[in-house]
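Subject: Handover of a structure and findings

Dear colleague,

Please find below the structure that I am handing over to you.

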Amino acid sequence: MTQKNIILGITGGIAAYKTPELVRRLRERGADVQVVLTRSAREFVTETTLQAVSGLPVRSDLWDKGAEAAMGHIELARWADLILIAPATAEIMARLASGSAPDLLTTLCLATEAPVLIAPAMNHVMWKNPAVQENRDKLISRGVRILGPASGDQACGETGPGRMLEPNEIVAAVMAPLAVPDIVQAPLAGMTVMITAGPTREAIDPVRYITNRSSGKMGFALAVAARQAGAKVILVCGPVSIPAPEGVECINVESARDMFAATHARIDDVNIFIAAAAVADYRAVDEKTGKIKKSTDELSIALVKNPDILASVDRMHNGPFTVGFAAETDNLGDYARSKLESKRLNMIVANLVGKNIGFDADENAVEVFWLGGEQSFPLADKRQLAQDLIALIAERYLQGINADTQTELPIMMVRD
Ligand code: CTP
C-alpha cells in the first residue's frame, strides 16, 4: 500500500477516548496520521497521548503561528488523502452542512479536495432529531461518507443508534477501496445510468388499481449515488411520494407498460441499466372504463402478464450492463443465482422481503451476485448502501470494459 495521508479530526464526544487506539490502527496499516483536535475534544483526550501515538504534533488552532509556519492550513488540506472525523458530534455535522468554518478542522474540510468521512457519535435521541438527520442527508448528498453510527448501550445509560463504530470497523471502512481510492475521480464520469424505481400502478377501473409496497427509496438512493459517481442519470419512476433527486432526470410513469415504453425510448445511449423498480407482474386483462359496482357477492378479475422490462433490455443487441433486483421471502441465494443465469444479467442484487424488512424501510441488507462472485452488504441505511452498491457496479462494469477492449479508459485517473 502507498502511504496514505490521513487527517483525523477529533470532536468533543465521550467516544474520543477511543481515538488513540484508532490512530495506532491506522498507522499499523501504513497511514501517516495528522491529528486535529477541536476545543471541546480536549476535554476528553489529551494532546500528549495523541502526539505520542501519531508521532506528529497535534494541531488544534487555526491561529497557531508556529504550526502554521511549519505547514499552513491550506497546505495541510492539500497534504491529506482523506479527512476522517471520529467521533463526529451533532455540532460538527451542523457546521459542515452549513459550510461554516470557525476553526481549523472545519476550515480544512472546506479547503480540501480529499474525501471526507465522518463517524458520528451522540445520544440516540439527538441522532434521530430531524435537524441532525437533515444535516446527515445534506452531507451524504455532497459526497461525505457517514460511518455508522452503531446501535447499543450508550455512555448516557440509554440504548439506541448513536454509538461511534469501533476503531477496527472505522479502519476497515477507511481502508476500503471506495474511501481511499486509487481511482480517485468520479468512476462513472461520462457514463449514462438508467434506473427504474418505485412500484407500478395497474388500473382496474378509473378509481382502483393493483400496486405493491415499494417506496422507491432504494432506486432514488441509487440515482443520487450514481450522480455522485459522475454519471448522467435517468430515473424512470413509478408513483412515489419522495421528491426527485437534484441533478437527475426523472421520467414519471404509472403502469408497467408506461415504464417499458419510457425505458425503451431512452435506452440506446445507456451504459448501465439498473432495474430497481418493483414492477407489477400482472395487470387486469380488461381495464373497465366505468367504476365497477358491487353488484355481486364475488368478483374475479382476470390478470395478464406485464412485459418484463429488464428481460427486454437484456435481450438487446449491444445492450447496456444490466443489474437486476430480486426480492425474495426465502432461499435468497438460490433464487438470485438462478435469476442471474436465466435472465443473463451482469449482476443481481438480492434482498429478503417480508414483514418489516425490505420494502418501505429506510434500511436494507443485500447480497450481490455476478458470474464468479458475490458480496454481502450488511444492514445499512439505503443511502449508504446505494453508495456502496454503485461503487461495486462501477468496478464490475469498468472491469468488463477493460477486459473487452484492452484499452486504457480515459476517465480513470490513477493515483501514484
Ligand atoms: N422486472 C422488470 N419488469 C417486470 C418484472 C420485473 O423489469 N415486468 C425486474 C425488476 O425490476 C427486478 C427483476 O426484474 O430487477 C426481478 O423481478 P422479479 O419480479 O423478482 O423476478 P421474476 O423473474 O418475475 O421472479 P418472481 O417469480 O420471483 O416474481
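The notes below cover the cores, the ligand site, the cysteines and some backbone details.

This is a predicted model, in which local features need pLDDT of at least 70 and side-chain atom pairs count only at pLDDT 80 or more, while totals for chains, interfaces and linings use all residues. Residues are numbered from 1 along each chain as its sequence is written, and side-chain values use heavy atoms, with hydrogens and water left out.

Nonpolar cores

A nonpolar core is here a set of buried Ala, Val, Leu, Ile, Met, Phe, Trp, Tyr and Cys residues joined through side-chain atoms within 4.5 Å. Buried stands for under 20% relative accessible area, exposed for over 50%, and partly exposed for values in between (1.4 Å probe, protein chains only). The largest such core contains 38 residues, and Leu188, Ile195, Leu222, Ile274, Val368 and Leu389 have the most contacts inside it. Elements giving two or more residues to this core include strand E8 (192-197), helix H10 (217-228), strand E18 (363-370) and helix H14 (382-405); helices (H or I, at least four residues) and strands (E, at least two) are DSSP runs numbered from the N terminus. H14 provides the largest share, nine residues. Apart from this core lies another, of 31 residues, including Val23, Leu50, Ala119 and Leu147. In soluble globular proteins, nonpolar side chains tend to be buried together.

Val368 touches, among others, Met347, Phe377, Leu389 and Leu392, when residues up to four places away in sequence are not counted. Contact means heavy atoms within 4.5 Å.

Ligand site

The residues that surround the ligand include Ala275, Asp281, Pro307, Leu310, Phe325, Lys339 and Lys343, each with a heavy atom within 4 Å of it. A ligand nitrogen atom is 2.9 Å from a polar backbone atom of Pro307, and a ligand oxygen atom lies 2.9 Å from a backbone N or O atom of Leu310. The side chain of Lys343 has an N or O atom 3.2 Å from an oxygen atom of the ligand. Of the 580 Å² of accessible area that the ligand has on its own, the protein covers 74%.

Glu328, found in strand E16, counts as buried at 10% relative accessibility. Its side chain makes a polar contact of 2.7 Å with the side chain of Lys339; such a contact is a pair of N or O atoms within 3.5 Å, and within protein one must be able to donate a hydrogen and the other to accept it, with residues adjacent in sequence counting only if both atoms are side-chain atoms.

Cysteines

The count of disulfides, pairs of cysteine sulfur atoms within 2.5 Å, comes to zero. Cys237 is buried, at 1% relative accessible area, whereas Cys250 is partly exposed, at 24%.

Backbone details

A cis peptide bond, with omega about -5 degrees, joins Ala86 and Pro87. The bond from Gly148 to Pro149 is also cis, with omega near 0 degrees. Asn331 is not a glycine, yet has a positive phi of about 45 degrees. Arg344, likewise not a glycine, has a positive phi of about 50 degrees and is exposed, with a relative accessible area of 65%.

Yours sincerely

Technical notes:
Accessible areas come from the Shrake-Rupley method with a 1.4 Å probe; for residues, only the protein chains shown count as cover.
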